[in-house]
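Subject: Structure handover: pocket and ligand

Hello,

Here is the structure we discussed. My notes on the pocket and the ligand follow it.

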Amino acid sequence: MMNDVMNRIAEIGIVPVIRIDDVTKAPRLAEALCAGGVPVAEVTFRAAGADRAIRAMRESVPDMLVGAGTVLTREQVDSACEAGAQFVVSPGFNPQNVAYCQTKGIPIFPGCVTPGEIECALSYGLEVLKFFPAEAFGGLKTIKALSAPFSMVKFMPTGGISLDNLASYIAHPSIIACGGSYMVTAKLLEENRWEEITALCRKSVEIIQEVRNHG
Ligand code: 3PG
């Protein structure tokens with residue numbers, strides 16, 4: 001069953017994966033994403049201060065959907081929730097962390113790439129899963145094969161997504177959105193290239209709309 005957060009992510013179709021080291025840039029980055037039609041971000045806990053970046057984004061653009069990525073521990077779940085994160089993403093399937101997110105009432109999208117992991121996720125009532133690292137685990141071909149027995153599962157492939165393969169992923173009915181770091185690379189962020197970030201978001205939205213409007 002899709003909740004509001006999932007519906008919004010599905011509607012946008014792309015989730016920028018962001019590693020932000022300089023938290024003071026978070027508000028400007030949030031504006032740049034929204035200006036490109038992508039009012040969502042997955043802020044990874046790979047950077048210290050991810051929780052402060054999440055809070056800064058939520059405060060500067062309250063309408064934006066901000067999630068926490070690379071969440072590996074219970075402490076990070078707590079820190080993400082306190083910062084105002086609206087969803088949690090993890091690279092793999094950790095039953096304890098899934099259960100903890102569920103008790104806290106925050107949607108979690110764990111990474112699952114095998115039938116066994118997907119079955120475990122289903123037993124926790126999860127039907128929207130990250131598929132990571134997508135390209136390395138066979139990309140669309142693997143998702144197509146998994147969608148046969150698991151037709152109820154919706155995937156968010158991440159890892160190796162780019163403007164070149166976004167359309168082929170989005171065209172698959174089991175894929176509600178893709179994640180990727182290509183819209184906010186370390187270099188673009190470091191050099192404050194906000195217009196380029198906005199342009200990459202806008203281009204991604206155009207690709208998604210083209211697929212959805214015309215197949
Ligand atoms: C992630 O954290 O989900 C990935 O590192 C993003 O993968 P990408 O850099 O290939 O987009």
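Helices (H or I, at least four residues) and strands (E, at least two) are DSSP runs, numbered from the N terminus. This is a predicted model: local features need pLDDT of at least 70, side-chain atom pairs count only at pLDDT 80 or more, and totals for chains, interfaces and linings use all residues. Residues are numbered from 1 along each chain as its sequence is written, and side-chain values use heavy atoms, leaving out hydrogens and water.

The pocket

- β1 (14-18) and α9 (186-190) each give at least two residues to the lining of the largest pocket. The largest share, three residues, is from α9.
- In total, 21 residues line this pocket; I18, R19, I20, V184 and A186 lie nearest its centre. (On a 1 Å grid over the protein atoms alone, a pocket is an open set of points where a 1.4 Å probe fits, with protein on both sides within 12 Å along at least five of seven lines; lining residues have an atom within 4 Å of a point.)

The ligand

- Around the ligand are V17, R46, K130, F132, T158, G159, G160, G180 and S181 (a heavy atom within 4 Å).
- A polar side-chain atom of S181 is 2.5 Å away from one. For a backbone N or O atom of G160, the distance is 2.7 Å. For an N or O atom in the K130 side chain, it is 2.8 Å.

Best wishes

Technical notes:
Polar contact = N/O pair within 3.5 Å; in protein donor to acceptor, adjacent residues only side chain to side chain.
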